[in-house]
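Thanks for coming, everyone. Let me put the structure up on the screen, and then I'll walk you through a few spots in it.

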Amino acid sequence: MLIDAPPNKAVNQFINRYAEFQNINKNIASTIITQAIKHYKATKAKPVEHSGYLHNLELRWYEALDKGTIDWGIYDDDYYFTDLWVCWVLFSRQYFKILKNNMTVASHLTNIKNIIDLGCGIAYTTATLKEFFPHCKVYGTNLPDTKQFEFCKRMSDFYKFDILTSPQEVGHDIDLVVASEYFEHFEDPIKELDNVIESVNPKYLFIANSFNTYSLGHFFTHTFEGKEISAKKMGKIFNDKLRNEYGFKQVDANIWNNKPSFWVKQ
């Protein structure tokens, strides 16, 4: 399975796959990934300065926000895909191990028939869902007209899932929605939550949100009901919306810090 692949072998396979249809320098890609992983794995006792390509992309993103604009072009940068790999290795892969091994979560998912993976990045998360649930219909969503979307289409052909541009394209109810570091990439995450719930009417939600964290594509502040809201407050608003308006209950699955959180429709 993809989540069990040795890291060095996995990253080389990924870069080689990506280079098959995008004109990239594989050595540069490997260096960018190594720099970023060292930074994220650093401790307070042994800090590693965040530098290099992805750090410059982050600066570009946040400088645009400071000026009151949104630089969506970062998502189509030639080496943006390296950030997606780092997120998979350090974060999403760990979340999916919980999805696979947590008995409380697994007990709810014995009879699901379809799944959607929101903002699937390089589609390793979507492919992993197909490996976990081979008899389910699995969808992944990603931004159209970007380099990573073309890579996702390649992955979808190999792992036999469908790649879409939005949840509205599904056209029917979905049993399980998976969102790994997804909603914090929207200026108005509650509007996107409304869109998801209304489009696919899920029974279960498996969500890892990182509001109020400094990262490529995240916002300092969000909008909600026409007002500016700090990213720090957005998590509570998001969870309250799920409970009070959409009738979801957060399941106590003994997951550290409730990340990811697992929700069941009442």
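So, the largest cavity has a volume of about 30 Å³. A cavity here is a set of points, on a 1 Å grid over the protein atoms alone, where a 1.4 Å probe fits but cannot get out. The points are joined across faces, edges and corners, and the volume is the space filled by probe spheres set on them. Searching the whole structure turns up 1 cavity of 30 Å³ or more.

Before I go on: this is a predicted model, where local features need pLDDT of at least 70 and side-chain atom pairs count only at pLDDT 80 or more, while totals for chains, interfaces and linings use all residues. Residues are numbered from 1 along each chain as its sequence is written, and side-chain values use heavy atoms, with hydrogens and water left out.

Back to that cavity. Which residues line it? They are Leu2, Ala5, Ala10, Gln13, Trp85, Trp88 and Tyr124, where lining means having an atom within 4 Å of a point. By class that's 6 nonpolar, 1 polar and no charged residues. Nonpolar covers Ala, Val, Leu, Ile, Met, Phe, Trp, Tyr, Cys and Pro; charged is Asp, Glu, Lys and Arg; the others, Gly among them, are polar. Helices α1 and α4 each give at least two residues to this lining. Helices (H or I, at least four residues) and strands (E, at least two) are DSSP runs, numbered from the N terminus.

Next, the second largest pocket, with about 280 Å³ of space. A pocket is an open set of points with protein on both sides within 12 Å along at least five of seven lines. There are 13 lining residues, and closest to the centre are Pro7, Asn8, Ile37, Lys41 and Val89. At least two lining residues come from each of α1 (7–19), α2 (26–41) and α4 (80–101). The class count is 7 nonpolar, 4 polar and 2 charged.

Tyr124, from the cavity lining, also takes us to helix α6, residues 124–132, where 8 of the 9 residues are buried. Buried means under 20% relative accessible area, with a 1.4 Å probe and protein chains only. The buried ones include Tyr124, Leu129 and Phe132, and among the elements covering them are α1, α4, β1 and β4.

So let's look at β4. How many of its residues are buried? It's 5 of 5. Leu176, Val178 and Ser180 are on one side, Val177 and Ala179 on the other, and both faces are covered. On one hand, β4 runs parallel to β1 (residues 114–118), joined by 4 bridges; two strands pair if DSSP finds at least two bridges between them. Ile115 stands opposite Leu176 there. On the other hand, 5 bridges join β4 to β5 (residues 204–208), again parallel, with Ala179 opposite Ile207. To get from β4 to β5, the chain goes through helix α8 (residues 189–200), in a right-handed β-α-β crossover. Right-handed means that, with the strands pointing away from you, the path from the first strand over the helix to the second runs clockwise.

Finally, the loop between β3 (162–164) and β4 (176–180) holds Asp175. Is Asp175 buried or exposed? Buried, because its relative accessible area is 9%. Leaving out residues up to four places away in sequence, Asp175 touches Ile112, Lys113, Asn114, Pro202, Lys203 and Tyr204, a contact being heavy atoms within 4.5 Å.

Terms used. Buried means under 20% relative accessible area, exposed over 50%, partly exposed in between (1.4 Å probe, protein chains only).
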